[in-house]
Amino acid sequence: MAKYKRILLKLSGESLMGDQQYGIDQIRLNDYAEQIAALVKSGVEVGIVIGGGNIFRGLSGAAKGFDRVKGDQMGMLATVINSLALNSALINGGVRSRVMTAIRMEPVGEYYSKEKAVDALAKGEVVIISGGTGNPYFTTDTASALRGIEIEANVMLKGTRVDGIYSADPEKDASATKFESITFDEIYARNLRIMDLTATTLCKENNLPILVFNMDQKGNLQRVMNGEPIGTIVHN
Ligand SMILES: Nc1ncnc2c1ncn2[C@@H]1O[C@H](COP(=O)(O)OP(=O)(O)OP(=O)(O)O)[C@@H](O)[C@H]1O
Ligand SMILES: O=c1ccn([C@@H]2O[C@H](COP(=O)(O)O)[C@@H](O)[C@H]2O)c(=O)[nH]1
């Protein structure tokens with residue numbers, strides 16, 4: 001029996017690059033699609049939000065002289081590209097899946113609404129909610145928190161390239177230690193930057209727990225659903 005009935009899975013755009021410097025690595029994409037397919041077969045309802053860092057981030061654009069709002073719009077479009085790629089990989093693997101967009105762009109994807117998303121989830125379709133929140137100055141972590149709350153997910157699973165939340169960024173500080181569980185308030189108190197504060201606050205105020213785990217290790221998504229103690233759980 002799966003630990004959660006309905007999940008919002010946040011996938012990192014950067015992780016989709018695999019070993020490449022840019023874009024989408026087909027092996028990583030297919031690995032994600034296979035891990036997700038296994039959950040769907042076991043009856044779990046899966047909503048997904050994907051980042052865009054493998055293609056474009058508004059802040060990096062602004063550093064190069066782009067208008068920030070235009071840069072953020074480019075970033076949001078990058079998440080649509082990643083979502084279409086995952087949708088295609090899922091369908092190739094026999095999984096029913098649809099892309100919804102926060103900004104109108106039919107026929108690329110269906111304009112997002114909670115009702116349509118929840119209907120599709122209940123029918124066993126994977127719903128990939130793309131385009132972030134549709135607004136500049138936000139991130140896809142915030143979009144995940146928002147969509148997770150809207151679709152009434154039991155948990156937001158933040159699948160990333162680190163295996164949990166550490167006392168400091170483990171990619172910069174080798175002495176950082178990992179938490180098995182942590183409260184939202186401790187995240188603020190320790191100024192931990194695994195997610196932006198807007199996303200953290202949305203989850204805290206709406207009581208949506210977050211589980212941060214390494215999605216790049218094959219089988220980890222299933223381990224999370226089996227209730228194995230991997231990653232870090234964030235709770236009130
Ligand atoms: N306290 C911390 N514990 C764990 N990771 C941390 C911490 N602080 C910062 N990080 C960093 O957060 C990163 C994970 O965030 P995330 O998955 O959102 O990556 P991203 O590159 O921003 O993804 P995306 O492309 O979706 O924007 C890790 O690579 C890690 O370096
Ligand atoms: O609601 C949103 C979500 C994202 N953006 C822009 O997209 C890129 C990519 O998202 P990541 O979360 O960094 O992967 C982001 O840098 C923003 O520029 C946005 O504007 N609004």
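# Fold, ligand shells and annotated sites

Mentor: UniProt, in an unreviewed entry, places the feature "domain: Aspartate/glutamate/uridylate kinase" at residues 5-214. The model here is predicted.

Trainee: Over residues 5-214, how far apart are the end C-alpha atoms?

Mentor: That stretch is 39% helix and 18% strand. Its end C-alpha atoms are separated by 20 Å.

Trainee: How many helices and strands does the chain have?

Mentor: Buried residues make up 45% of the 236 residues in the chain. The secondary structure comes to eight helices and nine strands.

Trainee: What radius of gyration does the chain have, and what would a compact globule have?

Mentor: The C-alpha trace spans about 50 × 45 × 35 Å along its principal axes. For 236 residues, a compact globule would have a radius of gyration near 18 Å. The chain agrees with that, at 17 Å.

Trainee: What share of the contacts with a separation of 6 or more joins residues 24 or more positions apart?

Mentor: Take Ile24 and Asn54 as one pair, 30 residues apart along the chain. Their C-alpha atoms are separated by 7.3 Å. Over the chain, the share for residues 24 or more positions apart is 72%.

Trainee: Is Ile24 buried, exposed or partly exposed?

Mentor: Ile24 sits in the loop between strand 1 (6-11) and helix 1 (26-41). Beyond four places in sequence, Ile24 touches Leu16, Leu29, Asn54, Asn82 and Ala85. A buried residue needs 20 or more C-beta neighbours within 10 Å. Ile24 has 18 inside 10 Å, so Ile24 counts as partly exposed.

Trainee: Which residues touch the most other members of the largest nonpolar core?

Mentor: In soluble globular proteins, nonpolar side chains tend to be buried together. Here the largest nonpolar core has 57 residues. Ile48, beyond four places in sequence, touches Leu9, Leu11, Leu86, Val126, Ile128 and Ile129. The residues that touch the most other members are Ile48, Leu86 and Met156.

Trainee: Which residues are closest to ligand 1?

Mentor: The shell around ligand 1 has seven nonpolar, six polar and six charged residues. In total, 19 residues surround ligand 1. The closest are Gly13, Glu14, Gly51, Gly53 and Thr160.

Trainee: Which residues come nearest to ligand 2?

Mentor: The shell around ligand 2 has six nonpolar, 14 polar and three charged residues. There are 23 residues around ligand 2. Nearest come Gly51, Gly58, Asp72, Gly75 and Gly132.

Trainee: Which helix gives the most to the shell around ligand 2?

Mentor: Helix 2 (58-63), helix 3 (68-92) and helix 5 (140-150) each supply at least two residues of that shell. With six residues, the one that gives the most is helix 3.

Trainee: What is the largest C-alpha distance within the UniProt "binding site"?

Mentor: The annotation, from an unreviewed entry, covers Gly52, Asp72, Thr133, Gly134, Asn135, Pro136, Tyr137, Phe138, Thr139 and Thr140. These residues are spread over 89 residues of sequence, yet they cluster in space. The largest C-alpha distance is 14.3 Å.

Trainee: Which residues is Gly134 in contact with, leaving aside neighbours within four places?

Mentor: Gly134 lies in the loop between strand 5 (126-130) and helix 5. Gly134 has 17 other C-beta atoms within 10 Å, so it is partly exposed. Its contacts are Ala102 and Ile103.

Trainee: Is Thr140 buried or exposed?

Mentor: Thr140 is found in helix 5. Beyond four places in sequence, Thr140 touches Lys10, Val49, Ile50, Gly51, Gly52, Thr79 and Gly132. Thr140 has 29 C-beta neighbours inside 10 Å, so Thr140 counts as buried.

Trainee: And Arg104, buried or exposed?

Mentor: Arg104 is in the loop between strand 3 (97-101) and strand 4 (110-111). Arg104 and Asn226 are 37 Å apart, C-alpha to C-alpha. Arg104 has 12 C-beta neighbours inside 10 Å, so Arg104 counts as exposed.

Trainee: What do the buried residues of helix 7 pack against?

Mentor: Helix 7 covers residues 197-205. Its buried residues are Ala199, Thr200, Leu202, Cys203 and Lys204. They pack against helix 5, strand 6 (155-160), helix 6 (184-189) and strand 8 (210-214).

Trainee: Which residue with positive phi follows helix 7?

Mentor: The phi in question is near 55°. The residue that follows helix 7 with this value is Asn207.

Notes. Residues numbered from 1 in each chain as written. Chains lettered and ligands numbered in written order. Predicted model: local features only at pLDDT ≥ 70, side-chain atom pairs only at ≥ 80, totals over all residues. Near = placed C-beta within 6 Å. Helix = DSSP H or I, 4+ residues; strand = E, 2+ residues; numbered from the N terminus. Nonpolar A, V, L, I, M, F, W, Y, C, P; charged D, E, K, R; others polar. Contact = placed C-beta atoms within 7 Å. Core = buried A, V, L, I, M, F, W, Y, C linked by C-beta atoms within 7 Å. Rg over C-alpha atoms; globule rule 2.2 N^0.38 Å. UniProt positions renumbered as here; feature names shortened; annotations may be inferred.
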